[in-house]
Amino acid sequence: MIRPLLRDDGRPSGWALECAGAEYVVALFHERYLATYHWGGPIRPEPSLEIASAPPQPFGLVEDPSASPFSLNRLPQEYPWGRGGDFRSPAFIADSRVAAFGAAGLSPSGPVLDLEYRSWRILPGAPDIGGLPFLRAETVGLESLELELEDPQSGLALILCYTPVPGTAALLRFARFVNRGSLAIGLSRAFSFSLDLPLPARGLDLVATEGAWATERQVSRRPLGLGRTEIGSRRGLSGHASSPAIILTETGAGETGGKAWGASLLWSGDWILAVEKGEEGTYRLQGGLHPELFSWSLAPGDSFATPAALLAYSETGLNGLSSVFHAVARSLMPPVWRERERPVLLNSWEAAYFDYDEARLLSIARSAAELGVELFVLDDGWFGKRNDDRTSLGDWKENPAKLPGGLARLAEGLHGLGLGFGLWMEPEMVSADSELYRAHPDWCLALPSRLPSEGRNQRVLDLSRAEVAEHVEAQLRSLLGSCPIDYLKWDFNRPLARVGSADPSIAEGELRFRWLRNLYGILGRVAADFPEVLFEGCAGGGGRMDFGMLPFFPQFWASDNTDPVWRLGIQRAASLLFPPLAIGAHVSASPNHQSGRLSSLRTRSLVAMGGIYGFELDPGLLSAAERAALAADIAWYRERRGILQLGELLRLEGRSEWGDVAWAMLAPDRGRAIAFWCRPWHRPGAGSFSLVIEGLPESLLYRVVSPDLPAWSRLLSGAELARRGFEFPLPGPEPGEARALVFELLAQARRD
Ligand code: GLA
């Protein structure tokens, strides 16, 4: 709910945005400035709005010298501009070429400095964000607050937009700029949000991730010191290192306790998120489009909306914060896929790479169907003359040498086996060796008279141009309409660099933004017209896993690394933001193709059950015993996927010095839970271990059993599970060392 905080005379003194379990309060300071008053737990019924933190600063600058002087550098601000008396980083930088400046004998070009508060309004439904990702307009209970400011000299209006996400401790923020002046205004920075957190009683820790292709998202945590800490991507995609997200916790907050603030952008291109500790210990958190790769010229009458940022809050540690992120992630997904159980799939990539024909595919598919797999995905190599990664992207027609009956006959064969048909594509790309490139060499992003840049032997199509975007969309539509396709893996295998458009009207600073906005347009239309197709997002694994893609891709391929030990860390970090429902995880061969590591089939299987369970191997190459074990695992998973895919995730705190990773999935009614425990290194001689699971009703009794420990079971209350946990015997060594066990907790009759 959004509430204006009104004075006796009816004028506003601030606005309170009430979210489930959190509250965001903006104060109007000196009738002119928007100040961050609060972002944390609820402070109902009425915030006092007393801002005592902006007294004039020694050796600082003073605003409003005639009235009641104060220092902007001490004011907690909502969307600050630079080059004034606030010496911290601004949220936007705008330059105006205003006639009035010239007339006054000043430079005709000058910075926009003084925005003054003008008005507020509350609007039902989704606000106008210019076609960028946002919650759907039909989301029940959606309303937005718009606060408008204006620079009287340039005519630049700034509209700050706030939308609480119904039912969660989260809100979306973005900024819209409108040029109401008579001359162009240049934006060289336009963040999605900025806020100044009140001075925390304890210090803050930064929780972020780092990594690269096949080592995505390694969690890193450290206390925040003085200065500015920035994370981001200049790659034109959100990147393997991190989703565009940052988490701050109060010092000492863990998985289950303590305050945590999170911010994540609904954006899939270049980005920056930064936290800056001010001179007096306050923290400014802000972020959005990467300013080094962005500029925008706002013509008179035009408007520009930044991507949205999601702000989430928790008082129950990182698990609490993740449950907020997960709830928002679910509401961003296409409606059809939010609550629907996802199929167990087998992807042909690690099973056959480029080396297959129809007979081989059908033989892999047949053995997969026998195990209980539900969907067969034909990965790279089915089109043009693509027998390696040097050719044919853009030529999305079946290779008759491999598929003499075309995709249609393959789809028919798969459906005949009771399997769905999935297909791989990389729609935004073109190979220099392709019919498409030969016909339209000017259709890819390149700098005229400079060497082209290639990554994985491929170039990026210039989607900022209408005719190129139309061609890509038409190809997708024709493929999806050509035969019954149930799933599409949408890949993106190189970053953007040395980009330019052959269309001279597209300014360099605007190109990357226009490119991605057009891509979102294509994705939105195609996903809406093919709602039953399950799209899986991929960018060389988890290179474009972000909240900007969730409205189109309800699941992502989290990494090209399928090694179970690596996957434990990759999936755990991904779970900070994404629910298991959004994380693709596959069982592959041992030794693993990326790491060379040996591991047991059971360990690979249980780790893959931490996400959307699938396969990336040829079951025909397994022994009969292995096939029987996998068939049992698939049956077990399919019976429980209501909880494993749609339940609530709880990361458990294992012994990290031993590499333990553990988590549980809870049924919404808490009648059932499934817990996983994994240890990558065997400790010879270790006897037993225990797992603590918080969050189950204390008075309920749970029977704990494990298919991995047939002779063992326990009967424990929710209280004991939360405070002492359950002990279990550790299994002995096995090839590859890594071990995984699964436990089922079933509620018994109530005690009272
Ligand atoms: C990328 C993907 C893989 C696979 C290959 C095919 O690397 O991440 O899963 O689809 O492309 O070329």
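This is a predicted model: local features need pLDDT of at least 70, side-chain atom pairs count only at pLDDT 80 or more; totals for chains, interfaces and linings use all residues.
Me: Which strands make up the open sheet, and in what order?
Reply: Strands (E, at least two residues) and helices (H or I, at least four) are DSSP runs, numbered from the N terminus. Two strands pair if DSSP finds at least two bridges between them. Here the open sheet has four strands in the order β1-β2-β3-β4, with antiparallel pairing. Its edge strands are β1 (2-6) and β4 (33-40), and each pairs on one side only.

Me: How many bridges join β3 to β4?
Reply: Seven bridges join β3 (residues 22-29) to β4. Look at Y24: its bridge partner in β4 is W39.

Me: Which strands close into a barrel?
Reply: Eight strands do, in the order β22-β23-β24-β27-β28-β29-β30-β31, with parallel pairing. Angles run from 0 to 180 degrees between N-to-C directions, and axes are lines fitted to C-alpha atoms, for helices over the stretch in contact. Five bridges join β30 (residues 583-588) to β31 (residues 612-616). In β31, G614 is the bridge partner of H586.

Me: Where does helix α6 pack?
Reply: Contact means heavy atoms within 4.5 Å. Helix α6 (residues 406-416) packs on the sheet and touches β23 and β24 (420-425). Its direction makes about 140 degrees with that of β24. Helix α5 (residues 358-371) lies across β22 (345-347) and β23 (375-378), at about 155 degrees to β23.

Me: How many residues surround the ligand?
Reply: A residue is near a molecule if one of its heavy atoms lies within 4 Å of it. Here 13 residues surround the ligand; the closest are D379, D380, R456, K489 and D560. By class, the shell has four nonpolar, three polar and six charged residues. Asp, Glu, Lys and Arg count as charged; Ala, Val, Leu, Ile, Met, Phe, Trp, Tyr, Cys and Pro as nonpolar; the others, Gly among them, as polar.

Me: Which side-chain atom of N493 lies 3.2 Å from a ligand oxygen?
Reply: A polar contact is a pair of N or O atoms within 3.5 Å. For N493, a polar side-chain atom lies 3.2 Å from an oxygen atom of the ligand. In D380, a side-chain N or O atom is 2.6 Å from a ligand oxygen. Taken alone the ligand exposes 310 Å², and the protein buries 97% of that. Accessible areas come from the Shrake-Rupley method with a 1.4 Å probe.

Note on methods: Residues are numbered from 1 along each chain as its sequence is written. Side-chain values use heavy atoms; hydrogens and water are left out. A polar contact is a pair of N or O atoms within 3.5 Å; within protein, one must be able to donate a hydrogen and the other to accept it, and residues adjacent in sequence count only if both atoms are side-chain atoms.
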